[in-house]
Amino acid sequence: MMEWKQALRGRLASCIGPKKSEQELKDEEMELFTKYYMEWKGGRKSINTSYMNIPRFYYRLPAEDEVLLQKLREESRAVFLQRKSRELLDNEELQNLWFLLDKHQTPPVIGEEAMINYESFLKVGEKAGPKCKQFFTAKVFAKLLHNDPYGRISIMQFFNYVMRKVWLHQTRIGLSLYDVAGQGYLRESDLENYILELIPTLPQLDGLEKSFYSFYVCTAVRKFFFFLDPLRTGKIKIQDILACSFLDDLLELRDEELSKESQETNWFSAPSALRVYVYFFFLGQYLNLDKDHNGMLSKEELSRYGTGTLTNIFLDRVFQECLTYDGEMDYKTYLDFVLALENRKEPAALQYIFKLLDIENKGYLNVFSLNYFFRAIQEQMKIHGQEPVSFQDVKDEIFDMVKPKDPYRISLQDLINSSQGDTVTSILIDLNGFWTYENREVLVASDNDNATDIDDT
């Protein structure tokens, strides 16, 4: 027993050794940490090697001084777009497709609509060639299948579907050629170049003088950016341009026989110098308002806009919030203003006006905000010899119309969701708009009487 104790004491004495300094302890700690960290890291690397199989998916854009890389990127994009363009159906191939579809229509004929069943649909797909393969799928057939008792689809609907797809791809490629950055979006200058070079291909714009091209392009581009770039980033995704109807409206001007009704409702049309929409409308009204002919609009000049019944309080807010030059508004800012007021049902327009109404910049309208703007309506009513309407009544009606989540605040989303945004904003900023709302029942009755008179005749 004593021998065992002595042996243990001797072992402990040999392990203790000389006392180490604080620096030596720190060095030893760092050495051990480095040793174990490297073992851990090395072990991890040997275990997780699957990342080696992931292909490279990020390539940085060449810097401005890397001219060779920029040229290489531009050329490779051009080659890629050319290849994609060659993959699309040309006019001859589309005509051949129509011939095959017509040849394989499936009886019985119901009305004037030519139909085709799935079996014949697949046969046409085999004969139409490799470019058409993407269109002859069960998914496409099912998408176009409606209520035919024989399980067929309309040949015309299918052909229109193919035409639409081809058009979208052609337009996508055409827009991509103007995408200088190659990132899938167009800047304002890119879209201006696209529309400028498009003008000669639009017969409805043949009467447009070249001296007015810049104003027309500016007017057309503002509509795209006002509605598709609500955050004002200065660029629009090509995908968003294709998804909206604006490009359809613009390319509709290729139709030489476009009706007068269509021209009147098309923002991009310019049928004559006397007509009022797009560039002729805005440019003419713009120059008429510009009394001092300096190419800019002051608040006084803008107050004559429309019926001349916009309140001074609202116009003050316009010049406080919008981009101006020495307190005057240029043509682009004026276009944004007009687009907002002429499209008050649209979310982008309501966002523009809501920003002006939100005087405290809180992200919502409260009773104070509503009263602030409606006081100007009451003052205008007095000037016109009318008895001012009680704000409390108007306030209650506005909250009843909007039905906000918070009973004391109206957010932009509340305004959009209510589908009453155009009415609410008209009540607050425009005496004529408020008068129309107040007399809505009388106006409806008058319209009904007029309709009855027409029916009687």
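**View A. Leu 191 is buried, at 2% relative accessibility.** In this predicted model, Leu 191 lies in helix 8, which spans residues 188-198. Burial is assigned because the value for Leu 191 falls under the 20% cut-off. Beyond residues up to four places away in sequence, Leu 191 touches Leu 186, Val 221, Phe 224, Phe 225 and Ile 241. Leu 175 is 16 residues from Leu 191 along the chain, and the C-alpha atoms of the two are separated by 8.3 Å.

**View B. Helix 18 packs against helix 19.** The two elements comprise residues 367-383 and residues 391-402, respectively. Their axes lie 10 Å apart and form an angle of about 125 degrees; helix 18 and helix 19 are therefore oblique to each other. The crossing of helix 18 past helix 19 is right-handed. On the side of helix 18, the residues that meet helix 19 are Val 367, Leu 370, Asn 371, Phe 374 and Gln 378. Their counterparts in helix 19 are Phe 391, Val 394, Lys 395, Ile 398 and Phe 399.

**View C. Helix 18 also crosses helix 21.** Here the axes come within 7 Å, at a crossing angle of roughly 60 degrees. Helix 18 is thus oblique to helix 21. Helix 18 contributes Leu 370, Phe 373, Phe 374 and Ile 377 to the contact, and helix 21 contributes Ile 427, Leu 428 and Ile 429. Leu 370 and Phe 374 of helix 18 take part in this contact and also meet helix 19.

View D. When neighbours within four places in sequence are left aside, Ser 426 is in contact with Arg 344, Gly 433 and Phe 434.

View E. At the start of helix 22, a side-chain oxygen of Asp 430 reaches to within 3.0 Å of the backbone nitrogen of Asn 432.

Technical notes. Residues are numbered from 1 along each chain as its sequence is written. This is a predicted model: local features need pLDDT of at least 70, side-chain atom pairs count only at pLDDT 80 or more; totals for chains, interfaces and linings use all residues. Side-chain values use heavy atoms; hydrogens and water are left out. Contact means heavy atoms within 4.5 Å. A polar contact is a pair of N or O atoms within 3.5 Å; within protein, one must be able to donate a hydrogen and the other to accept it, and residues adjacent in sequence count only if both atoms are side-chain atoms. Helices (H or I, at least four residues) and strands (E, at least two) are DSSP runs, numbered from the N terminus. Axes are lines fitted to C-alpha atoms, for helices over the stretch in contact, and angles run from 0 to 180 degrees between N-to-C directions. Angles under 35 degrees count as roughly parallel, over 145 as roughly antiparallel, 65 to 115 as roughly perpendicular and the rest as oblique. A crossing is left-handed if the near helix is turned anticlockwise from the far one by less than a right angle, and right-handed if clockwise. Buried means under 20% relative accessible area, exposed over 50%, partly exposed in between (1.4 Å probe, protein chains only).
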